[in-house]
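Please examine the structure below with attention to its aromatic rings and to the packing of its helices.

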Amino acid sequence: MAAAFTCSAADLHPLLGTGANATAAAEFICSRFGAISNKFTDTAYAVDNTYLLFSAYLVFAMQLGFAMLCAGSVRAKNTMNIMLTNVLDAATGGIFFYIFGFALAFGTPSNGFIGKHFFGLNEFPSPSFDYGFFLYQWAFAIAAAGITSGSIAERTQFVAYLIYSSFLTGLVYPIVAHWFWSSDGWGSPARTENLLFGSGVIDFAGSGVVHLVGAVAGFWGAFIEGPRMGRFDHAGKPVPLRGHSGTLVVLGTFLLWFGWYGFNPGSFITILKSYGESGSGNYYGQWSAIGRTAVTTTLAGCSAALTTLFGKRLQTGHWNVTDVCNGLLGGFAAITSGCSVVDPWAAIICGFVAAWVLIGCNVLAEKFHYDDPLEAAQLHGGCGTWGIIFTALFAKKQYVNEVYAGLPDRPYGLLMGGGWRLLAAHVVQILTIAGWVSVTMGAVFFVLHKLNLLRISPEEEMAGLDMTSHGGLAYEYHEDVGSVQKALEIRV
C-alpha cells in the first residue's frame, strides 16, 4: 500500500516567513497535501481490488476448463452428466461457501482450527476483507470440488454429487484453508507468533489446500465406488476406456492454463507494494514477484508436458495428446505451492519430476485396480504432494522474506541452505490434510454407499447417464440414409 503523505502546519509555517497570512497559507497547503494523500490511498485500494477481481475472474474461468476437460475425458454417453456436475459445483459451492465456508476459512479473529465470523458475509466488507476477496476464495473452493467430480465420473448418482459438493465446499475445504491461509491458522505462515516449526507452511496458491484436498476426496469416492464396468477384464488386466473427444481435452487444458495465471500470480492478493525504498526509479516490487510467479508457473507446466511426451512415448510407443495435457496440468498442480518463492530454473525441475510422479501414480493405480477417469487423484494428489515437498527443498531465502515479510529468520528451502524446519512443516501439512479429508469425505462417501445413493445400477452404467438421468444424449446424429447407401454400393 502506498505510504501516506504527512504535513504539519506548525512545521511548514516558519518556512513561509512571518507574514500575516503565513499561518493560513501553511494550513491551506497541508490540507491540500492531506487531500492528495487520501486520493493516493484510495487509488491504491482500487488498484489492488481491481487486480484481485481480475484474478478471481481468471480462476472462475477455470471451471469452463474443468468442464471441457471432463467432457472430453469421458465417453460420449456421459457428457451431459459430467458437464452438469461442473455447473453445479460452482452453483452449490457458491451458496454454501457464502453461508458457511468463507466464515469457517477466513472469519478472523478466531482460533487456530476454525473461523467464526462473517457467516453469510455479515459485517462485510471489513478492514481486512472486501467482496473481491470472497469471490476469489469461492473460485478456489469450487476448484477443489471440480477435482473430486472427475475422479468419480461415469458411475455416480446425481444426488451424490450434490451432497458431497455441498459438504466439501461448505465445511471440509474451508477448515483446511483456515489452517494454512488464515492469519489465525495453526499452520499459517502469516501468524504473528507460535509458527509451526518456526516457519509455518508455505503453500502459496494451494498444492495442498486445493489440489490435495480435492484429490483425497476424489480418491475415497472412486475407491468406495470401485472401477467402472469393463475397466479391468476377468484376468484383472486394464482395459482402456478412452474419452470421446481429444479436442475438448485440449480446449479444457488451454483454458485451465489461462486460468492458472489468476490462480498462482493472483494469490498475492495485492500488487501495489514495493520491496525496496519507495521513490523514483524503484522498479522492483510485488509486481516483479507476480511476473516471476507467472514465469515459474509457465515453465513448470512446459517442462512437465515435454517430459510426459517422451516418457509416455517410451512407455507406450505413442505420442498421446491426452497424456501430454495431463502431464502439463500435473506440472501446474506441483508448482502451485512454491510458485512465488522459487527461481525459474527450479520450476523446470519441479515440472520434470511431477511428470514422472504422475506416470508412476498411474502405474500404481492400474496395479491396484483403482479407476479414475480423469487421473484426478493421481494428478492433483501425487503432483500436489510433490509440489509441497518441492517448495520445502527449493524455496529461496530472498523470495521467502519478500513474500512473507516480518520474520527475518524464517526458514527456507533445505537444498538452498535453509535447514529442515520448512520441510518438517510441509510433511505435517501433507499428513493432516490426508487425515482430515479421509475422515470427513471418506465417511460421506461410505454413508452414501451404504444408503445406496452413491453408485448407479449396472443397467444405467451400460446405457449411460445422459439417457437415464438427463433426458437424452449430448450429441444427436442425423445420418443421410441415401449417402450411406451410396457409399455402401460404391464399396461393393
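Rings of Phe, Tyr and Trp (its six-membered ring) are paired if their centres lie within 6.5 Å; planes under 30 degrees apart are stacked, over 60 edge-to-face, and the rest tilted. The model is predicted: local features need pLDDT of at least 70, side-chain atom pairs count only at pLDDT 80 or more, and totals for chains, interfaces and linings use all residues. Residues are numbered from 1 along each chain as its sequence is written, and side-chain values use heavy atoms, with hydrogens and water left out.

The whole structure holds 42 aromatic pairs. One of them joins F102 and F106, a tilted pair with 5.6 Å centre to centre and 40° between the planes. Because they are four residues apart in helix α3 (residues 79–106), F102 and F106 are separated by about one helical turn; helices here are DSSP runs (H or I, at least four residues), numbered from the N terminus. F102 is buried at 0% relative accessibility, where buried means under 20% relative accessible area with a 1.4 Å probe, protein chains only. F106 is likewise buried, at 4%.

T308 belongs to helix α8 (residues 286–316) and counts as buried because its relative accessibility is 2%. Beyond its neighbours within four places in sequence, T308 is in contact (heavy atoms within 4.5 Å) with R313, D323, V324, G327 and A355. Among the residues where α8 meets α9 are T308 and L309 in α8, and D323, V324 and G327 in α9.

Notes. Helices (H or I, at least four residues) and strands (E, at least two) are DSSP runs, numbered from the N terminus. Buried means under 20% relative accessible area, exposed over 50%, partly exposed in between (1.4 Å probe, protein chains only).
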